[in-house]
Amino acid sequence: MKCGIASVSIAGNLEEKIEAIAAAGFDGIEIFEQDFIADARSPRALATRIRDAGLDLMLFQPFRDFEGLPGDLRRRAFERAERKFDLMGELGCDLMLVCSSVHPQAQGGVDRAAADFAELGERAAKRGLRVGYEALAWGKHVDDHRDAWEIVRRADHANVGLILDSFHTLGRGIDPDTIRRIPGDRIFFVQLADAPAIPMDLLYWSRHFRNMPGEGDLDVTGFMRAVMATGYSGPISLEIFNDQFRGGLPRAIARDGHRSLIHLMDSVRRAEPSLTVDLPPIPAPKPAQGVEFIEIATRGTEAESIAALLRTLGFAETGRHIAKDLTLWQQGAIRVLLNAETQGHAGSTFTVHRTNICDIGLRVASAPDTVARAIALGSAAFSQPRQAGELPIPAIRGVGGSVLHFVDDGFSDVWQVEFTRTGNSAPGAGLTRVDHLALTMSYDEMLSWSLFYSSLFGMTKTPMVDVIDPDGLVRSQALSSPDGGLRVTLNGAENHRTLAGGFLADSFGAAVQHVAFACDDIFATAERLAVLGFEPLPMPGNYYADLTARFELDPAFLARLQAHNILYDRDGEAEFFQLYSRNFAGAMFIELIERRGGYQGYGAANAPFRVAAQKRLSRPKGMPRL
């Protein structure tokens, strides 16, 4: 299976695009005409550069407004095509995309269009070239791949074939299974794009909101299943128009694109095993079963303050590492590591980010399989020199510089092997496990993080919500394993004045801003925390007065909420309780939660009030973090 990507999908100039596409592992590139025109190199020099990068020049596109034109306009359309054929000869590209016409004077009629393509095919054949016809979703007369196929069929020329684009089919709501009736050898090329489900003008939607397969809401897997059922064996390629990508990093966008295609085709063969998919076998996505540990890189007074915070949360230091300045703190099934090393990964992340969550350990069914899948999807394995007695726990580099370790039954004794027990026991405050991790990134990186987690672990996404910060907007989206074993929230900051954006600026891009611990009885936990000296985030009386208006709450129940600064939400009969720590080490914080009656959300309605309360206790605006 050859994978390609259109140059228009990647930010930067054409040279940057070529470098990024080659580095990501693509086999080829579609040259978008505008990128070629803006480049200073000759066609032959550009072709040499592309092939020196190890890429095939798969497609030249787009050739617009060709079929159905009358009189002199038709003659000129063929002249334009001949000039593009000259260019393709110099580039060494044998396939040109012709998209259905939107010309105001274009005339309809399947036979008229077929005659035009029969002649174009004859001209292309004389040069050893081919042309592919694509139905634009907003084409004047042809906006459906079924009509485009009928034109190609009637043109009846070996050098004229069909080009399919998932957006143009799925964006118009056309059943992709209609593709199954098309002979695979008459499909010359397949372009892929996903998109969020946003009701708007098709052209505007296409030009600004396409994204990688798996990042949106379209059934791209169903589309590709239909394509592969035809016997198609040609390239698959991405054609993405997205405002976020236009300002992104070329290599990151290309890496995401390649990951999306591998994940897509793996999903296709798993959904319909009878199909032939030319892709090396990779392990299936398996849900992460939970968070095994959280590792914080910290030193000095900040390390002391975090240790003190953990004690007020009911944690106890239960072990010390046999070879590193690393302590283990436990409560329930929660393990927190405080790493004060000056070398290795923790040392380098502290130098860059100051105190930060530098590593996450996830419990999985098979650590080797999880790493193998991650590498197949474009992640890099992570390792560092091991000290005597340390176990070789598999790990990868995630997105945003993060590191993930994977612990299965083969490494479950790491806590006994690598740590000397201190004899301390956690007094406990009723905290049981990690409920979710809250990851913060710039808004334009959210799709990358979402694709990473969904493709690796098969996590499902919730709709994106807006969190109102007094100084801007933060976009938030949650992903969850089917059984809730792993939950993450992605919080995309659009500026550095928001709480999330300030965290990114101050920490120079650290990823995990807060961790949520679960408990079984939030009121019992709050009472125990008060004894331990925990200082909750204070919530204003106005919040609790509003709860009275939103929900019919018993006054005594409401008074208990307010007495402990507990936030409340309800969805039907399901209830949700939240209690926050004050910020530490800049803008990091801890959330304590209880879910009742199957509540699946994250208290989004409470987020603006929590953010406002945190900002009241933050350093004044404009004052730098020391």
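Helix α11 (residues 250–271) and helix α16 (residues 446–457) have axes that come within 11 Å and cross at roughly 30 degrees, the axes being lines fitted to C-alpha atoms, for helices over the stretch in contact, with angles that run from 0 to 180 degrees between N-to-C directions. The model is predicted, so that local features need pLDDT of at least 70 and side-chain atom pairs count only at pLDDT 80 or more, while totals for chains, interfaces and linings use all residues. Residues are numbered from 1 along each chain as its sequence is written, and side-chain values use heavy atoms, with hydrogens and water left out. Helices (H or I, at least four residues) and strands (E, at least two) are DSSP runs, numbered from the N terminus.

**The α11–α16 pair**

- Because angles under 35 degrees count as roughly parallel, over 145 as roughly antiparallel, 65 to 115 as roughly perpendicular and the rest as oblique, α11 and α16 are roughly parallel to each other.
- The residues that meet are D256, R259, S260 and H263 in α11 and S448, L451, F452, S454 and S455 in α16, where contact means heavy atoms within 4.5 Å.
- By class, this contact of α11 with α16 has two nonpolar, five polar and two charged residues; Ala, Val, Leu, Ile, Met, Phe, Trp, Tyr, Cys and Pro count as nonpolar, Asp, Glu, Lys and Arg as charged, and the others, Gly among them, as polar.

**Nonpolar cores**

- The largest nonpolar core has 86 residues, of which F26, F117, L120, L192, F223, M224 and M265 touch the most other members; such a core is a set of buried Ala, Val, Leu, Ile, Met, Phe, Trp, Tyr and Cys residues joined through side-chain atoms within 4.5 Å.

**Helix α6**

- In α6 (residues 145–155), the residues H145, A148, W149, E150, I151, V152 and A155 are buried, a term that means under 20% relative accessible area, with exposed over 50% and partly exposed in between (1.4 Å probe, protein chains only).
- The buried residues of α6 pack against α5 (110–126), β5 (130–134), β6 (160–165) and α7 (166–170).
- F117, when residues up to four places away in sequence are not counted, touches F66, E67, V98, Y133, I151, A155 and V160.
- After α6 comes D156, whose phi is positive, near 50 degrees.

- I396 lies in strand β15 and counts as buried at 0% relative accessibility.
- With neighbours within four places in sequence left aside, I396 is in contact with V371, A374, S379, A380, A381, F382, S402, V403, L404, F406, F452 and L456.
- S402, in the loop between β15 (395–397) and β16 (403–407), counts as buried at 17% relative accessibility, and its contacts, leaving aside neighbours within four places in sequence, are I396, R397 and W449.

- S7 lies in the loop between β1 (3–6) and α1 (14–24) and is buried, with a relative accessible area of 0%.
- Beyond its neighbours within four places in sequence, S7 is in contact with L14, K17, I29, E30, I31, F32 and D35; S7 and I29 are 22 residues apart in sequence and 6.6 Å apart in space, C-alpha to C-alpha.
- T48, in helix α3 (residues 43–52), is partly exposed, with a relative accessible area of 44%.
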